[in-house]
Amino acid sequence: MSATLTLDREHVGLAPRSWKMPIILSILTLAAIIFTATTPADMSSGVALAWSARLGTTRLTLPTLLTIGILTLAQVGVTVWSWAVAISRKKLASWWVIIFGTAFVLVFLLWAVAGKENPLQFTSLLSGALFLSVPLIFGAMAGCVCEHVGVINVSIEGQLLAGAFLAAVVGALTHNAWIGLLAAPVAGALIGCLLALFAVKYWVDHIIVGVVLNVLVTGFTNYLFSTVLAHNKEVFSVAVRLPKWSIPGLSEIPILGPVLFAQNALVYIMYVAVIILQIMLFKSRWGLRMRACGEHPRAADTVGIKVNRTRVLNTILGGAIAGLGGAFFTLANGLAFGKEMSAGRGYIALAAMILGGWKPKGALVAALLFGFADNLQNALGVVGVAVPSQFMLMAPYLVTVFAVAGLVGKVRAPAQEGTAYKG
Amino acid sequence: MSDTTSITPRRAKDATSAATSAPGSPDTNSDAKPPRSWKATLARITNTTWLTSLLAVVVALVVGAILIAAADSGVQASAKYLFARPGDFFGALGHSVGGAYASLFQGAVFNISSSYTVADFVHPLTNTVSYSVPLIFAGLALGIGFRAGLFNIGAQGQIVMGATLSAFVGFTWHLPPGLHLIACLLAAFIGGAIWGFVPGILKALTGANEVIVTIMLNSVAVYLLSYLLTLPAFRSPGSFMPISPAVDASARFPHFFGSAIDLGFVLALVAAFAVWWLMERSTLGFRIRAVGESNDAARTAGMSVPAAYVWVMVIAGGLAGLASTSQLLSGSSQQLNGDIASTFGFDAITVALLGRSKPVGTVLAGLLFGGLRAGGYIMQSSTGTPIDIILVLQSVIVLLIAAPPLVRAIFRLPDPDKRAKVKTSRRHEVATVAATQPIATVESTAAAQPVGAVASEEVVESDSPGEAPTDAGPGDTDDTVLAPSETEAQS
């Protein structure tokens, strides 16, 4: 299939037209038009914007029909443009998609809260979304590291859970959230070790190991929860919480300040981790070497890179990153450990990584999207919106299905991920 | 010469694999899909001897024993004075571990001490059988996917959707007995099949990764069910809980001899036979297997790979949907609730892996894990050991069976693969040698040996033809002789 495409391109000199993007945008635009058409003219939507701790909160009352009408028009514009771009065999620039997505989400939000007594708490919607996406982002970063080195990491779920468990236990034993935070990556790295052992040393299929490791960690933590933790409640059910830090200066930026810079330490670590990984993966010697192991292990071996050693070390590193993310469930939320706390977030993180095109940057955006959808049902629930929460919860999964089926055609996984290197 | 038959194929294979991944050929390289290594894993699982499986179970039980002991307060207390009175420690150890495993066994197989009636005696076994039914159905479903090269993690969602549709038919339609049951079974199959069709068609049309799509659809199914349970149509009248009305009595499985075994188990066995027939005897099954072995080859042979993907996912989804009937049409409540699928979908992955994706293996693996579950509940109630330990046992067993070298390393066993290979090639060589002149063999063997082969081994090798016709040679010698060429061929 791809062979014939390359041939055609050589002979004709034209890229194939791809209709996926305009079709998807058209469908979403249609939905926005339906929202607009079903809105009575006299309704208004209340939105509360908390600018910052000093500036206080403003309550905006927007005329619903006018506002979402304008936003829908903007979407129509982007959609028309996307058809034009597709006809001329080009790719729609990603910021058009971002504009479109923002407009669509705003249309939906304003439509949903139209005519309600309570305003939509916009700032807390965003900050909550960022907070909820923390484990997804750490998980997706772990996925990036492992996949670029050629190991498929399905055990992110288990690593998150193990991290949450050890962080809570160590935190409770020491009454110190910081020591708990140090313990979280250790637990994740242990699972990473197991993954590396079976995937790299014994050539077991990576997806199988990942799935089974998730079961193992679930069973293990559930077991310890119902025995050791349950028998010594006074010791282990102590919840410790990472303090919230408002960064002076930065947290005073309107809207962005309270969203980005009034969070706890784990969130700041996440910023640093994403930036470092984005740079290191694509600009450093370490990144080049590990990507070589994922793309073409034999070539990497030929130039003297120890493929399997690199794979093992980076898989363990990936596990540690995911484990750190696991601290979110316990330390960042100030909770003691509970059974199956990670609740499938590891799988979502994996999807976020794939949606983000195996890049930290993209995975960050995708994970934020999931976090946003997750928090949306909280925020809309407060407002008292009639949309069933189940559909809001379902949305990110459906988006992922659409994205995997439609949008991800272009991005490419590391060529040799999931294969054993029998050097 | 004779040696070329044994050594050349390996070399040739290596040469082709080297060529496909050679840096000089970017076209082949970018087009060649990386070999799906889990196919190799499944192949390896298939080749595992029963000994490895047994040892894997032993290791799993040891791991479980360590966990049981570590969590036991008696063991913890006696460990504090371990060196003063080791007897206490080992007594406590035996008490906790032995007690737990004894009740696990009694709950899963038979209970001698319970009473004297036959029904009570076999009661645990019938429990095991009934717990195994959903695992067998879902395991069969996943096994078909594995053999087609599809890693379907979506059994969980398919079970949920099968249960939803089946329950709806079960409590809204009021049909005569047999007919109602058939309608419910069909509904379960269709519900699961629809949920399997989606990833199948997406994979076929757009190449969407089935792992991601099925994982996502699992969650979608759970939320969809929890939404449906808020609707009046699905809500049990007068109930504030998200629970549906019970399925009509006319749609329930008949039980055999008043035991826990019901028609579900028979249907599971029938399904296993049907899957065997489908995969081994039908054209569709042949296509499915061909696509699983190499979809490029299947496409070249004129088979439709997308069609195979869709069929596999529809059948797998339907089978997984049927797994829901063991809860819905025979369980204790017969009501649809949010937890109807329990963790069967995920447990079934381990069942299918342990069963090597074959129907018979899946039935046996389903019985084993069903037994662990049945026994686990008894263990939990009688000794207080949480049933979660079963998950640990299951995952350790599957991990070890997927990695036979690890089991061999733990028990210091020789590598049976290597020995078998060497033996056949040696026998073949020896037979030909006997027919021709021995001197040539010595030369060809020496020539066939890699340059780096140790001289002393060549001596062994050149000595052997004299005595070889009577004896294929002790395995250990053979291992050392051919081991270097093996490693050379791989590196």
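## Exercises on a two-chain model

Helices (H or I, at least four residues) and strands (E, at least two) are DSSP runs, numbered from the N terminus.

The model is predicted: local features need pLDDT of at least 70, side-chain atom pairs count only at pLDDT 80 or more, and totals for chains, interfaces and linings use all residues. Residues are numbered from 1 along each chain as its sequence is written, while chains are lettered from A and ligands numbered from 1 in the order in which they are written.

**Exercise 1.** Check the span of helix 15 of chain A against its number of residues.

*Solution.* Start with the residues: helix 15 of chain A covers residues 307-332, which is 26 residues. The expected span is 1.5 Å times one less than the number of residues.

Now look at cover. A residue is buried if 20 or more other C-beta atoms, placed from the backbone, lie within 10 Å of its own; it is exposed if 12 or fewer do, and partly exposed in between. In helix 15 of chain A, 23 of the 26 residues are buried, and the helix is mostly covered.

**Exercise 2.** Work out the strand order of the open sheet in chain A.

*Solution.* Two strands pair if DSSP finds at least two bridges between them. Take the pairs in turn. Strand 1 (residues 44-52) of chain A joins strand 3 in the parallel sense, over two bridges. Here Ala48(A) has Gln121(A) as its bridge partner in strand 3. Strand 1 of chain A also pairs with strand 2, in the antiparallel sense, over eight bridges. Ser52(A) has the bridge partner Gly56(A) in strand 2.

The order is 2-1-3, and the pairing is mixed. Strand 2 (56-63) and strand 3 (120-121) of chain A are the edge strands, each pairing on one side only.

Then ask what covers the sheet. Helix 4 (residues 94-113) of chain A lies across strands 1, 2 and 3, at about 115° to strand 1. Such angles run from 0 to 180 degrees between N-to-C directions; the axes are lines fitted to C-alpha atoms, for helices over the stretch in contact. Strand 2 of chain A is still hardly covered: the count of buried residues among its eight residues is zero.

**Exercise 3.** Describe the side of chain B that touches chain A.

*Solution.* Two residues are in contact if their C-beta atoms, placed from the backbone, lie within 7 Å. By that test, 49 residues of chain B are in contact with 50 residues of chain A. Helices of chain B that each supply at least two residues to this side include helix 3 (37-47), helix 9 (177-206) and helix 19 (404-411). Helix 10 of chain B gives the most, with 12 residues.

Sort the residues by type. Ala, Val, Leu, Ile, Met, Phe, Trp, Tyr, Cys and Pro count as nonpolar, Asp, Glu, Lys and Arg as charged, and the others, Gly among them, as polar. The side of chain B that touches chain A has 34 nonpolar, 13 polar and two charged residues.

**Exercise 4.** Find the buried residues of helix 19 of chain B and say how they are arranged.

*Solution.* Pro404(B), Leu406(B) and Val407(B) are the buried residues of helix 19 of chain B. Seen down the axis of helix 19 of chain B, they fall within an arc of 160°, so they line one face of the helix. The arc is that of the directions from the helix axis to the C-beta atoms. Arg412(B) follows helix 19 of chain B, and its phi is positive, near 55°.

**Exercise 5.** Which places do Trp203(A) and Arg356(B) take?

*Solution.* Trp203(A) lies in the loop between helix 8 (177-201) and helix 9 (206-231) of chain A. Arg356(B) sits in the loop between helix 16 and helix 17 of chain B. Check phi next. Most residues other than glycine have a negative phi. Trp203(A) has a positive phi, near 55°. For Arg356(B), phi is also positive, near 55°. Last, count neighbours. Trp203(A) counts as buried because it has 20 C-beta neighbours inside 10 Å. Arg356(B) has 23, so Arg356(B) counts as buried.
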